[in-house]
Amino acid sequence: MSDEIRAGYCAIVGLPNVGKSTLLNRILGRHIAAVSAKPQTTRDRILGVHPVDLPGETPARAQIAYLDTPGVQDGQGPLRRYMRDAAFGAANEANVVLLILDANDYRGRTPDRFSEPDAVALGHVIKAHPLVIGLNKVDKIAKTDLLPVIERWGMNAPGVDVVPLSAETGENVDALERAVARLLPVGPALFPEEMVTDRTPQFIAQEIIREQLYHQLGKELPYACAVQVETWTEKSKHELSIGAVIIVERDSQKAIVVGKGGSRIRELGIAARQAVGLALGKTVHLSLFVKVLAEWSRGERELVRLGYGGEGEGQV
């Protein structure tokens, strides 16, 4: 029996807030990437590995190594540049590019959007690689509105699969994966069967705490906000103690995160503890602190210190 399957990398790209990280979490059945309604919640390239069955095809199995990427958007400063580089770097290394569109965004879902100045670089990327288009959030739109969008992409990119789906509900995600898998090269698996991601549990905890920051503070949350795990103690196989620091750039931002009498950070701690515990399958004890690091998002050295500049290590 041959060990060859379809195996390769798929970069998940798109404009901000189209559901890329929600899709990765759905595919993996694991919460490894932060998700919120705030654009550019994702800041890092995140690897997620998933097997796919291809019934009746040869080979009949595939292993897709997904690379979730930050939403591509213009902007100044080292942090935004880091995120753009992460997205384009992943696309350039991938065998397949998966472009995710928000079906409810009447401007952003059309091919013309990718000739506009802030998205033209992404437009060049999707033309340079084998492509699958995922039309996301179809659970929130009438099905009759989808056909014209699919037809426009069919004229713009002949032969490219356009797959309507909902990352939120899981609708048609299996069809999307099969479309990606069919474009991958035949060869040996790239990763061990049990591997899900190369990101450490510490990274996943940081992502989830930052996600809860977005949920708790909404529009009040400062953009330049980061989370860093400082202590990590395995009390037992099923119990974990985490100490994490929330980093902001100004004292006024710290006051927002802490809240009156510490009310905000207490609420955040409860929500984050529950979410991290669910993701890691452990009882979690979480201590949160807030630290001011002036203009950290504008300094290359500070970005590296906070993890924006290297690849994740360790298998989960």
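1. The chain splits into domain 1 (5–187) and domain 2 (201–306), with bounds that come from an automatic or database domain assignment. Their C-alpha centres lie 28 Å apart. Before going further: this is a predicted model, where local features need pLDDT of at least 70, side-chain atom pairs count only at pLDDT 80 or more, and totals for chains, interfaces and linings use all residues. Residues are numbered from 1 along each chain as its sequence is written, and side-chain values use heavy atoms, with hydrogens and water left out.

2. On to the interface. Counting contact as heavy atoms within 4.5 Å, 18 residues of domain 1 touch 20 residues of domain 2. The area buried between the two domains comes to about 1,700 Å², and carbon and sulfur atoms give 55% of that. Buried area here is the accessible area (1.4 Å probe) that two parts lose on being put together, summed over both. Helix α2 (residues 78–93) supplies the largest share of the domain 1 side that touches domain 2, namely five residues.

3. What about polar pairing across that interface? The rule finds zero salt bridges between domain 1 and domain 2, where a salt bridge is a side-chain nitrogen of Lys or Arg within 4 Å of a carboxyl oxygen of Asp or Glu. Polar contacts do turn up: four residue pairs, both residues at pLDDT 80 or more. That term means a pair of N or O atoms within 3.5 Å; within protein, one must be able to donate a hydrogen and the other to accept it, and residues adjacent in sequence count only if both atoms are side-chain atoms.

4. Strand β3 (residues 61–68) deserves a look, as seven of its eight residues are buried. The cut-offs: buried is under 20% relative accessible area, exposed over 50%, and partly exposed in between (1.4 Å probe, protein chains only). Strands (E, at least two residues) and helices (H or I, at least four) are DSSP runs, numbered from the N terminus.

5. β3 has partners of both senses. With β1 (residues 5–13) the pairing is parallel, over seven bridges, and Ile12 stands opposite Asp68 in β3. With β2 (residues 46–53) the run is antiparallel and there are eight bridges; here His50 stands opposite Ile64 in β3. Pairing requires that DSSP finds at least two bridges between the strands.

6. Now some backbone points to check. Most residues other than glycine have a negative phi, and most peptide bonds are trans. Thr58 and Pro59 are joined by a cis peptide bond, with omega about -10 degrees, and Pro59 sits in the loop between β2 and β3.

7. Positive phi next. Asn17 is not a glycine, yet its phi is about 70 degrees; this residue lies in the loop between β1 and α1 (20–28). Asn17 counts as partly exposed because its relative accessibility is 31%. Glu295 also has a positive phi, near 55 degrees, and is found in the loop between β10 (283–292) and α9 (300–305). Glu295 has 37% relative accessibility, so it counts as partly exposed.

8. Last, Gly269 in helix α8 (residues 263–280). Is Gly269 buried or exposed? Gly269 counts as buried, because its relative accessibility is 13%. Setting aside neighbours within four places in sequence, Gly269 is in contact with Leu286 and Leu288. Gln212 is 57 residues away from Gly269 in sequence, and the C-alpha to C-alpha distance is 8.7 Å.
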